[in-house]
Amino acid sequence: MAIGESQLDGDGGPSEDVEAQFGWRYTFGKVMQDTTARWGLYVVAFVLFVSAYTMVDSNLSRLTFGAVSDFAMAEALPIFDHPERIPPPGEIEGNVPPAFHVDGTLSHPLGTDPDGRDYFTRIVYGAQVSVSVGIVSTLIGFVGGTIVGAVSGFYGGRVDDVLMRLVETVYAIPPLILIIVFTVFISGGTPDITYAIIGVGITFIPVFARIIRSEVLSVREMDYIEAAKASGVKNRNIIRRHVIPNSFAPVLVYATLQIGVTILIVAGLSFLGFGAQPPTPDWGQMLNVSHGYMHSNVWLSIWPGMAILVTIMGFNLFGDGLQDALDPRTND
Amino acid sequence: MAEPLLRVENLKTQFFTDAGTVRAVDGISFEVHEGEIVGLVGESGAGKSVASMSLLRLIESPGEIVGGEITYKGETIFGLEEGPDGDLQRRDDMLSNEEMRTRIRGNEIAVIFQDPMESLNPVFTVGGQLREFIELNRDLAKREAKREAIRMLREVGIPDPEQRYEEYPHQFSGGMRQRVLIAMALACEPSLIIADEPTTALDVTVEGQIIELVDDLQEKYGTSFIWVTHDMGVVAEICDRVNVMYLGEIVEQAPVDDLFHATKHPYTNALLNSMPRPDRTVEELDPIEGVMPEAISPPSGCRFHPRCPDAREVCQRVHPEAKVVDQADGHSHRAACVKHDVFDAGYDESVPLEAEPQVTAGTPGGGEDR
Amino acid sequence: MSRASELGSEMTGEDVAFGDTLVEVDGLKKYFTQESGLLSGLSIDTDEFPPISVGRQHVKAVDDVSFEIRRGETLGLVGESGCGKSTLGRTILRLLEPTEGRISFKGDDLAELDGEALRQKRSEIQMIFQDPQSSLDPRMKIGQIVEEPMRAHDMLDDDGREQRAKMLLEKVGLDPHHYNRHPHAFSGGQRQRVNLARALSVNPDFIVCDEPVSALDVSIQAQVLNTMEELQEEFGLTYLFIAHDLSVIRHFSDRVAVMYLGNVVELAEKEELFENPQHPYTKALLDSIPVPDPRERGARGVLEGEVPSPLDPPSGCRFRTRCPRLIAPEGYEWTDEEWEHARTFMRAVKRRTFEPMTAAETRAEFFGGDLPRGEAGEIVADAIDLVATDRDNGDDAELEDGVNWAGATERLLESFAEESICSQERPDYEIEPQYGTGVHRAACHLHR
Amino acid sequence: MGLLRYTVARLIQAIPVLIGITVITFILANLAPGDPVRLMLQGQQVDQEVIERVEQQYGLDRPIHERYVTYMANLLQGDLGHSIQRDRPVTDLVVQRAGPTLMLVVSAYAFALITAIPLGILAATRRNEPADHISRIVALLGVSTPSFWIGIMLILVFAIQLGVLPSSGLVYPWWGPDHYGYSGYPELLYQTIRHLLLPMVALGTLQMATLMRVERTQMIESLQGEYVKLARAYGVPERTILRKHAFQVAQLPIITIVGLNLSTALGGAVLIEYVFNINGLGRLLLEAIIGLDYQLIMGITVVIGTMFVIGVIITDISYAYIDPRVTYGDRE
């Protein structure tokens with residue numbers, strides 16, 4: 001958000017600043033006014049916190065996905081670091097039901113998976129994967145899309161034609177299929193979560209490009225752009241001072257919603273076995289494993305799905321709230 | 001004088017918003033007689049459109065008619081009475097929503113809206129929409145309704161009406177669409193047509209055509225009109241009697257000639273003086289200072305006093321109701337200004353207010369504390 | 001930084017004296033390429049890919065316009081929507097690329113300038129926009145908005161700019177303390193004042209005002225117009241004032257140009273144009289405006305039909321298809337009355353404004369029973385037969401209700417309308433003015 | 001000009017997109033690092049000679065543009081290449097598997113439309129009332145839940161716990177009752193529906209949620225239209241206004257969304273086919289990817305892309321049918 005802020009205030013600050021009602025603080029206030037958006041923000045903040053915490057606190061999981069021994073993973077979360085809960089080697093019990101079940105135990109609130117790993121810990125760690133995937137891929141799409149979209153929107157003409165034709169074509173192949181094919185091919189047949197992130201990111205570049213282009217085009221139509229041009233402001237400054245700050249907000253909303261979509265797609269990829277690979281605790285991948293235990297342990301299939309649902313819902317609620325807050329029609 | 005076609009007494013319509021109650025229409029009274037064109041003129045925000053929609057009881061939430069009485073041909077469109085527990089409640093003889101829909105809207109009182117581009121549904125043919133309204137309001141069978149629709153299209157000067165009947169609104173120019181809307185209004189054979197800024201969106205030559213058309217048709221059909229506009233030129237051109245609105249109130253009510261040539265309210269006067277004229281060169285315009293305040297917090301006393309060149313101290317205190325200040329052609333000339341003797345509010349003795357230079361340079365309009 | 005010394009001072013006429021030509025537009029054309037409507041609005045917008053080759057058409061928005069603007073005056077440019085007046089304004093400013101023609105400003109041809117040279121030049125020419133909502137960037141403070149043109153031309157330092165911006169805000173009638181407010185806190189009239197301050201910030205000589213007051217209420221309009229007048233005097237400004245409202249034009253302009261369908265049809269000093277209009281379109285415009293005086297009723301729509309498409313404008317005089325004074329074609333012997341009847345009939349047939357009737361009835365309706373004599377009469381008779389209900393027109397597929405509208409239209413237009421001088425030559429005549437001494441140009445063959 | 005010309009124009013416009021799809025797929029397939037034949041053989045020890053022979057057989061030794069031209073030439077004759085893995089023409093395989101996928105996608109759409117439109121309208125007319133809140137929550141859950149997880153949950157409840165519906169496979173009515181040993185067509189129909197129900201709901205939920213949101217917003221907007229005001233002022237009954245005046249206009253964006261979302265639905269079909277063991281294009285694709293069967297992967301991608309383009313064209317034409325403004329363009 002600092003981009004917009006610095007655009008506004010970068011001119012040797014006026015002394016008696018009346019609060020910028022179109023600024024970010026105002027937007028934030030409007031988001032907080034809306035109950036659903038506020039809850040969305042809480043959920044997003046919670047998930048972000050959890051994933052950040054697991055990243056920072058565990059020296060074992062620092063080497064990212066899959067490099068961590070799963071037993072150590074169970075140990076990694078301090079609040080559950082009670083000796084009685086850690087099964088000594090050789091006595092691992094798989095498929096323990098959750099705590100509220102008659103056969104459950106409090107030491108494994110959500111039970112254990114077939115390999116005897118604490119399911120709660122794995123779900124918590126799953127946040128790390130989902131959130132990084134969501135944010136990193138969206139960022140790739142966002143940055144790539146901004147470059148393509150801005151170039152296309154500004155220069156118009158032939159460049160625009162070619163780029164948009166390309167975007168359209170990419171649009172015509174369902175994203176999930178394109179991503180699977182892309183991921184498998186770039187990884188040379190051995191898919192991995194890193195390839196999935198890159199694959200999703202690149203596939204969404206056209207989507208972002210399209211959004212940004214149409215935003216840029218609509219801002220370009222505004223009279224104040226023409227006014228700046230008529231005043232002899234250089235093109236570069238028109239882009240920097242007018243176009244970017246004004247087209248940024250809707251794109252930001254879109255990006256927020258897109259994080260949810262990305263998480264959804266990567267979950268699907270992992271579920272099919274083209275994303276995170278075992279033993280990485282990824283929600284989609286966990287669902288893939290649990291698919292084989294549907295008859296014996298129902299719970300294994302429920303928790304990861306719930307986690308995905310809550311996370312995505314958080315981003316969606318927050319995105320919707322942001323959209324309402326930034327909608328000029330509600331600003332009057 | 002005969003019983004008027006429409007009588008509006010002390011009508012109040014308010015909008016209940018988060019920021020407070022907006023008194024969009026605040027106690028207006030006027031009459032419309034058979035065969036006359038009554039103007040409702042004012043600047044944007046004066047409440048003239050809300051007033052006209054109130055007549056059909058077509059105010060949408062959060063707006064509501066909260067007081068007054070509207071009588072049309074002896075029937076009560078809106079009326080309140082005091083209930084047994086002292087609360088105001090709707091009178092028994094007030095028309096029900098269903099009666100309003102089937103008996104009043106369209107077939108007794110029709111409307112023409114400002115924006116001919118938006119008023120027609122883009123996905124239906126012009127003829128189909130016209131026919132639907134005719135079928136509904138005149139109990140004609142489909143085929144007859146179609147014949148009538150084509151007849152009306154020709155009547156309002158649409159060339160080749162059989163062909164145009166089958167076309168869609170986007171195939172019509174703005175002026176042609178406004179003609180279609182006029183055809184709709186007339187085809188339902190109402191006694192009263194409310195025209196809400198019908199020529200504002202049109203070019204001047206087209207405006208001229210439309211005014212001429214309405215004038216001819218009005219003569220032919222004898223329909224009464226309420227003509228809502230902000231344009232004094234159009235008022236002078238077409239209206240018989242005029243109501244000037246300012247901030248939810250009618251400040252002056254007079255036959256058209258008197259309004260322009262024996263103006264009794266400083267607002268009307270100031271409005272006329274601030275207008276450049278097409279028929280003679282005005283070297284110096286005399287603008288009204290400041291901007292119209294928001295209807296959410298109107299000024300005390302006379303609502304016009306902060307901008308009024310004639311304002312005196314008394315104007316801040318006394319809120320004038322429009323009173324008869326003159327008679328002309330059998331119609332009374334009312335004005336809501338205490339400088340007239342009938343008000344007897346001590347205007348002459350009162351101290352003139354210092355002209356406040358604030359307003360043009362003044363504080364930006366509202367909305368700061370959001 | 002040489003301009004810095006001029007802070008707040010009056011313009012010293014650099015090389016153009018007051019009353020001399022500051023801007024000269026010569027043969028200016030602006031054509032737009034029309035995208036085929038066929039392809040617009042598709043969901044996977046393949047909109048620009050040509051399907052089957054559909055020829056691109058040109059919208060002749062401004063077509064061969066010439067006039068000059070003198071230093072210190074206001075030239076009013078008036079016309080109805082779609083006549084090309086805004087396009088003309090933007091083309092003069094070089095916000096649009098001219099298709100052809102010259103725009104000379106202080107001796108430079110703006111149409112030839114490009115890139116940095118053009119950008120530099122922009123400090124001398126500014127613009128004020130119609131829409132007070134979209135002409136100010138909602139994310140900027142009004143101080144920044146007013147300073148922006150100065151920054152673009154490296155005028156003054158930060159402090160100096162702020163000082164000048166505050167000075168200008170005061171000049172246009174705003175409180176300089178509102179320097180840090182955002183535009184949405186201001187009303188429409190106040191925003192137009194910010195627009196004015198922005199335009200003035202670089203001390204321009206020439207300002208194009210595109211409908212600056214048409215979005216405002218009458219009482220606010222007068223305030224803004226008065227301010228603009230004061231500023232013109234104080235800063236020695238030259239205005240090109242574009243508007244559709246003839247009353248505002250009459251009040252504000254010194255000279256007036258009337259536009260119709262991409263052409264200037266009449267140009268004269270204000271008093272002369274309003275009191276002695278010589279082009280039938282100008283007359284029609286003036287007759288149509290409702291006068292705010294009930295004792296002067298009679299504002300009427302004297303024009304028939306609608307403005308033709310600028311894709312394919314009429315030849316010769318652009319106004320001829322609607323002109324109430326279309327000149328009779330040579331080669332026939334008419335009385336004035338006969339020609340008037342024939343003209344009315346021709347247009348009624350073309351627009352199909354009447355219901356078909358028998359030949360005798362048609363004759364009575366349009367000609368009072370007597371057809372013109374000679375060849376003209378024969379043509380009229382032919383046409384009447386084609387649209388008569390009691391004549392057998394054969395089984396032509398084009399017929400509607402058994403009446404050959406198309407055939408009759410073609411017959412009449414070919415024989416009469418296209419034979420008139422109005423459709424053959426483009427008019428441009430100079431007229432002796434009755435009011436004042438300025439040049440009066442009218443593009444109408446009645447003055448040949 | 002009429003609908004026909006519009007249709008033709010639209011079909012012609014689709015050609016570059018279709019060509020684009022083949023180009024992208026072709027590039028993707030050649031993006032894989034290393035030697036495709038070796039990858040395909042997955043580390044099996046094979047003589048260099050054999051590899052060269054295989055390469056020659058598939059033309060892999062020729063430059064990429066030459067191979068593309070050959071591929072296109074074959075494609076135009078309906079030949080999508082040859083599946084190495086299965087040693088069968090790709091066209092045969094694709095045609096055989098397209099039926100189930102189409103059946104699934106079409107029924108999911110039908111389900112989505114039938115539920116979303118009435119619910120959306122209900123929400124729009126009862127704005128901020130309980131019905132509105134409930135439908136908004138349903139919509140939010142719908143866009144936030146992974147479709148494959150919905151599938152898993154449905155199987156858990158209806159197949160495993162309640163045992164009322166089958167958990168895998170589809171019945172294809174075109175094979176006739178005898179193939180399945182059913183008593184006749186009524187039973188065939190009954191079984192078809194029984195098998196289709198769960199996957200249909202799983203795949204359709206996301207579409208339903210999206211459409212419901214759009215329907216609600218569009219109806220609200222349409223009901224505020226000036227033409228609705230006019231109809232009210234002329235005494236048109238509220239019911240007619242809702243069903244005719246407001247509804248028709250509100251459907252326009254729905255049609256567009258239906259077309260564009262086909263891409264999500266086709267992608268989602270891959271997941272749903274996997275969860276429910278349906279032998280459609282999606283599963284074929286997964287199998288092809290695991291076996292790195294290039295020609296088959298390309299063939300499926302091209303076919304799915306084409307399905308999407310055809311779907312969009314169909315929706316565009318129906319849009320043009322309802323909205324006269326689209327085909328307008330040549331009057332006067």
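How many bridges join strand 10 of chain C to strand 12 of chain C, and in which sense do the two run? Strand 12 (residues 440-442) is linked to strand 10 by two bridges, and the two run antiparallel; strands here are DSSP runs of E of at least two residues, helices are runs of H or I of at least four residues, and both are numbered from the N terminus. Two strands count as paired if DSSP finds at least two bridges between them. Across this pairing, Glu266(C) stands opposite Ala442(C) of strand 12.

The model is predicted, with local features needing pLDDT of at least 70 and side-chain atom pairs counting only at pLDDT 80 or more, while totals for chains, interfaces and linings use all residues. Residues are numbered from 1 along each chain as its sequence is written, and chains are lettered from A and ligands numbered from 1 in the order in which they are written.

Strand 10 of chain C also has strand 9 (residues 255-260) as a partner, in the antiparallel sense and over six bridges. Within this pairing, Val256(C) has Ala268(C) of strand 10 as its bridge partner. The two strands make a hairpin with two residues between them, and Leu261(C) in the turn has a positive phi of about 50°. Strand 10 (residues 263-269) is largely enclosed by the rest of the structure, because seven of its seven residues are buried. Buried means that 20 or more other C-beta atoms lie within 10 Å of a residue's own; with 12 or fewer a residue is exposed, and in between it is partly exposed, C-beta atoms being placed from the backbone.

Taken as a whole, chain C has 13 helices and twelve strands, and 51% of its 448 residues count as buried. Of its contacts with a separation of 6 or more, 70% are between residues 24 or more positions apart; a contact requires C-beta atoms, placed from the backbone, within 7 Å.

Helix 12 (residues 374-387) of chain C holds Ile379(C). Ile379(C) is buried because 20 other C-beta atoms lie within 10 Å. Neighbours within four places in sequence aside, Ile379(C) touches Arg411(C) and Ser415(C).

Chain C meets chain B through 47 of its residues, which are in contact with 44 residues of chain B. On the chain C side, two or more residues each come from helix 5 (188-200), helix 6 (218-235), helix 7 (246-252), helix 8 (270-275) and helix 9 (280-288). Helix 6 of chain C gives the largest share, seven residues. Sorted by class, this side of chain C has 18 nonpolar, 14 polar and 15 charged residues; Ala, Val, Leu, Ile, Met, Phe, Trp, Tyr, Cys and Pro count as nonpolar, Asp, Glu, Lys and Arg as charged, and the others, Gly among them, as polar.

Chain B has an open sheet of eight strands with mixed pairing, in the order 8-9-10-3-11-12-14-13. Its edges are strand 8 (109-112) and strand 13 (323-328) of chain B, each pairing on one side only. Inside the order, strand 12 (residues 249-255) of chain B runs antiparallel to strand 14 (residues 331-335) of chain B, with two bridges joining them. Gln253(B) has Arg334(B) of strand 14 as its bridge partner.

Terms used:
Contact = placed C-beta atoms within 7 Å.
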